[in-house]
Amino acid sequence: MRAVVATRAGGPEVLDVVDRPEPVPRPDEVLVRVAAAGVNFIDTYLRTGTYPTHYPHVVGSEGAGEVVAVGADVTTLAPGDRVAWADAPGSYAELVAVPERSALVVPPGLDDRAAAALPLQGMTAHYLTASTFPLEHGHDVLLHAAAGGVGLLLTQLAAARGAHVLATVGSAEKETLARAAGAADVIRYRELSDLTAELPALVRDRTGGRGVHVVYDSVGKDTFEASLASLRTRGTLVLFGGSSGQVPPFDLQRLNAGGSLFVTRPTLGHHTATRDELEWRWREVADPAAAGALDVRVGATFPLADAADAHRALEGRATTGKVLLLP
Ligand code: NDP
């Protein structure tokens, strides 16, 4: 089978398409023919070595496809079932072994591309809005990169909970998408000459001088200071990514001076640790998506052989919504 391997830590050029033996599922795994593999920022962190890993490794952790074989201990799935998953290493491939506990049944009405687009980014948007900071009607929210993969889903889920969403985006096209997803206010942050000073002032201006209850910040290094300064007293900064780089060490005393603030750095794995929680979050996004109530935008697809271009586009801020690889 063909698969995309990161040969060493580095830029997109370290990605190679190679022929590999087909994976043999362990007793608790199913073998899936991949219809579409999700491209996520974490794939780039693992490729560059920002998150330590081993090389070479087959890249990717997310996708959707059809079960073609099941391990001896698998009881809930059979060949022919359609499944999606967020955490099966080696998903940039024609075939991947998926642990039964990670396999999510795809509801009728959700096509393969939408199914591959939703597990990681959809369940992330869900835990951020339902668990990390449970949004309620009237909450003021600032969220960054609103036209991105997580961003468009986060915007929709936040707006659906009745929050007032103030979104940042990098371009006019992205502004249109963010507004369509439910953002009430949009700021094109790349047009600000001093983001750290100007963004909090704009946010205060649009929240009656108070600032927001919560910031969902996936951009990290470039936005962290502005995010912190955009909070109201006792507000919460949810740092959940580092698309612009990781945030440097931070003096906790600043939370006192800022107004008894909260900062948290959550991750999806800790919010899908049990099968019940995983299935709950999946149903909460997959069922509305299948019913047409949650829009899943696939902004770009690339053939498996062009995985390096997919990474260049994602890291180059050139994508909107989900990026998929099609084996
Ligand atoms: P996106 O589709 O959001 O792409 C990243 C976007 O970030 C870009 O399009 C760009 O939007 C913005 N951005 C701002 N500055 C930069 C920069 N210097 N370089 C690149 N992009 C920049 O990606 P994903 O939806 O896949 O992921 C978004 C973030 O969420 C990532 O940081 C990822 O690690 C994180 N994440 C965290 C999870 C968790 O559980 N903690 C789970 C899933 C994702 P614009 O042009 O509008 O500025």
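The model is predicted, so local features need pLDDT of at least 70, side-chain atom pairs count only at pLDDT 80 or more, and totals for chains, interfaces and linings use all residues. Residues are numbered from 1 along each chain as its sequence is written, and side-chain values use heavy atoms, leaving out hydrogens and water.

**Exercise 1. Locate the two domains and find how far apart their C-alpha centres lie.**

Step 1: Start with the bounds, which come from an automatic or database domain assignment. Domain 1 covers 2-118 + 296-326, and domain 2 covers 121-268.

Step 2: Now take the C-alpha centres of domain 1 and domain 2; they are 28 Å apart.

**Exercise 2. Describe the interface of domain 1 and domain 2 by area and by polar contacts.**

Step 1: Buried area is the accessible area (1.4 Å probe) that two parts lose on being put together, summed over both. Between domain 1 and domain 2 it comes to about 1300 Å², with carbon and sulfur atoms giving 50%.

Step 2: See who contributes on the domain 1 side. Leu 118, Arg 317 and Thr 320 supply 37% of the area that domain 1 buries against domain 2, more than any other three residues.

Step 3: Count contacts, defined as heavy atoms within 4.5 Å. Here 17 residues of domain 1 meet 19 residues of domain 2.

Step 4: Turn to polar contacts (pairs of N or O atoms within 3.5 Å; within protein, one must be able to donate a hydrogen and the other to accept it, and residues adjacent in sequence count only if both atoms are side-chain atoms). Seven residue pairs across the interface qualify, both residues being at pLDDT 80 or more.

**Exercise 3. Find which side chains place a polar atom by an oxygen atom of the ligand, and at what distance.**

Step 1: For Tyr 189, a polar side-chain atom is 2.5 Å from a ligand oxygen.

Step 2: For Ser 243, the distance from a side-chain N or O atom to a ligand oxygen is 2.8 Å.
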